[in-house]
Amino acid sequence: MAEEEVVSKTFRALVESADRKFARVRDFLSYGRAQGQHYFLKVFKAYMRLWKYQQEHRAELVKAGLNRWEIGEIAGRIGQLYFGQYMRTSEARFLIEAYVFYEAILRRRYFEECKTKDLGVRIKELRFYARFLLVSLILNRTEMVKVVFEKLKALVDDCKANFRETNFKEWKLVVQEIVRFTNVDTTFTIANARPFRYCATFDCHPNSVSYVARFHAKTVVKFRDAILMSYHRNEVKFAELTLDVYRMLQCLEWEPSGSFYQKHSGHPQENGVAVDYSGTSGVIDMNLAADMTDPTLPPNPRKAILYRPSVTHLIAVMATICEELPPESIMLVYLSASGKPGQINASPVENSVGSRRTTKSKLASHNSVEHNSFAPESHVNGKKGSNHFYDDYLWLGPKANGGSSNLYPGDIVPFTRRPLFLIIDSDSSHAFKVLHGAEMGEKAALLLSPLRPVFKDPSSADITQNGSQFTFFLTAPLQAFCQMVGFSLSDSDMEVLNCAENILSTAFSKWEVILCKSPGLDLVWAQVLSDPFLRRLIVRFIFCRAVLSAFCPPEGSDQYLPVCLPQLPNSLSPKSDIVQSSVSQLADHLKVADCFHFGDT
């Protein structure tokens, strides 16, 4: 008995020590290169020591009253540590480690086999399901998402029935969020949809790879860091991950080319053979994640994911990352937000092709404002007027409260001292044209969304239901194209989809060759062309611009078109034969050519 007491006391001391360290590391900032790395290792070692101790003394601890849910809680904390480290570093191995621990908890039913009516334990189980859902979403483990969702929903219903005095409204909202998210995310709605992540099988085009390999610019920068932020009212999200950021996050990561990409399997596989994680209770294979990652892939660029930040917080994060940016590196900043307080872009009626209620006077007024306020050529005494940097803005705030929630183009200017790749997705994106030519050190690469989305079906225009159209084109161009013209991918056979993807791949390959061979390619684009992520964004922008140019209403079309600054070569303009022919071929293949006006653009 004395030995059991010693073991139990030692175990509880290890738990308290690990939990104290965990509480400290949890509060560390999720951005910056030196944030808490040393302390993370200390916390991780504390939990590994605790995990090993409970394995070695399981019999004594069970006799002393150890509950299975307590083992699950320890494994869950380790999973949290791994996921937190993934969010700080974007290293895929940490995300996969988190998945391994969470899946082991689920399969061994650490929480489910607990018959206690303790509300605190039930809340721990609810949190475990929510965290596992987030990890599974990011990894595109669709079948596991469905399994965990059903368990979460059942537990919420059970808690409501057994703890009537407790309000579970927060958890009902969590259930609603995941339903809404999976109903929109094409990973779940389209069978065998290609991954958002960069996949060598699909995104490395054989006909252009040699040109890219031989391409040498005067200056080459490496893509190392990104800031991703989306701030819209009522936007589709799960936890603190919005749909637009979810798409962009995956777009800037490598897809493991090995066996881990089995998104429609609820059971991890290696070489086609199911892997059994259950094993002896309490034993989790620490080397499993190493077997599931691809050592041949380069590291993912670091990404700071900001959920509904204040303007000052966003600027602070940009300043930190800009300061820590290694030499000869470029920072990507993706900002998706409305240009007016409480506004969700334009109404579906105004966005649709079928309903063009925008009057000529409105268009004239819009074009006048754009010419006078947004045009980068606007100068005062040979210099750009400072007022143009503070006319329009992105709105980051829960309610209208003056300029404190406004992110102005002028707020971005200080960060142009370092190479910057800026993507603005907003109904006031063109206000950021003024940055071109006003940089303080390095010319910035600007990809600016249309001021209004445009769809064949007006109901698709609501950003709160489908996410941003421009972001969708940059992250999943074929799916965005089909959504725009109302073509149902979920009802199409694989041969049609594969042929459509091949048309796009051929077009992108040709455009990459043209970019590499273009003598007039601006250095801003040339210096990033060797980076696969940024090159893919550039060719997808070319596709988006060409599609919208042929699809949008001729009157006032500027508001429906994206803008890039500096300009890309004219040989890749929407009117060029090589670009327009590819869009026409895709439209013909999907039998939607009647939606476009080729030749009269």
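Which loop does P566 lie in? Select P566 and you land in the loop between β12 (563-565) and α24 (577-589); helices here are DSSP runs of H or I with at least four residues, strands are runs of E with at least two, and both are numbered from the N terminus. A cis peptide bond joins L565 to P566, with omega about -5°.

Before moving on, a word on what you have open: this is a predicted model, where local features need pLDDT of at least 70 and side-chain atom pairs count only at pLDDT 80 or more, while totals for chains, interfaces and linings use all residues. Residues are numbered from 1 along each chain as its sequence is written, and side-chain values use heavy atoms, leaving out hydrogens and water.

Select R308, in the loop between β6 (302-307) and α14 (311-324). R308 is not a glycine, yet its phi is positive, about 45°. R308 counts as partly exposed, at 29% relative accessibility (buried is under 20% relative accessible area, exposed is over 50%, partly exposed is in between, with a 1.4 Å probe and protein chains only).

Now pick K591, in the segment after α24. K591 also has a positive phi, about 60°, without being a glycine. With a relative accessible area of 71%, K591 is exposed.

**The largest pocket**

Show F83, M87, L134, A239 and E240, which are the closest to the centre of the largest pocket among the 39 residues that line it. The pocket holds about 1,400 Å³ of space. On a 1 Å grid over the protein atoms alone, a pocket is an open set of points with protein on both sides within 12 Å along at least five of seven lines, a cavity is a set where a 1.4 Å probe fits but cannot get out, and lining residues have an atom within 4 Å of a point. Points are joined across faces, edges and corners, and a volume is the space filled by probe spheres set on them.

Colour α6 (119-138) next: it gives the most to this pocket's lining, seven residues. By class the lining has 26 nonpolar, four polar and nine charged residues (nonpolar is Ala, Val, Leu, Ile, Met, Phe, Trp, Tyr, Cys and Pro; charged is Asp, Glu, Lys and Arg; polar is the others, Gly among them).

**The largest cavity**

The structure holds nine cavities of 30 Å³ or more, and the largest has a volume of about 260 Å³. To find it, select R194, D203, P477, E501 and R540, which lie nearest its centre among 19 lining residues. The largest share of that lining, five residues, comes from α21.

**Salt bridges**

There are 19 salt bridges to look for, each a side-chain nitrogen of Lys or Arg within 4 Å of a carboxyl oxygen of Asp or Glu.

- R107 and E103 meet at 3.0 Å, N to O. Both sit in helix α5 (residues 92-107), four residues apart. R107 is partly exposed at 30%, whereas E103 is buried at 0%.
- E125 and R122 pair at 2.6 Å, N to O, and both are buried. They are three residues apart in helix α6, so about one helical turn separates them.
- K443 and D522 meet at 3.0 Å, N to O. This pair links distant parts of the chain, 79 residues apart.

Last stop: select R109, E112 and K151, which are linked in a network of salt bridges.
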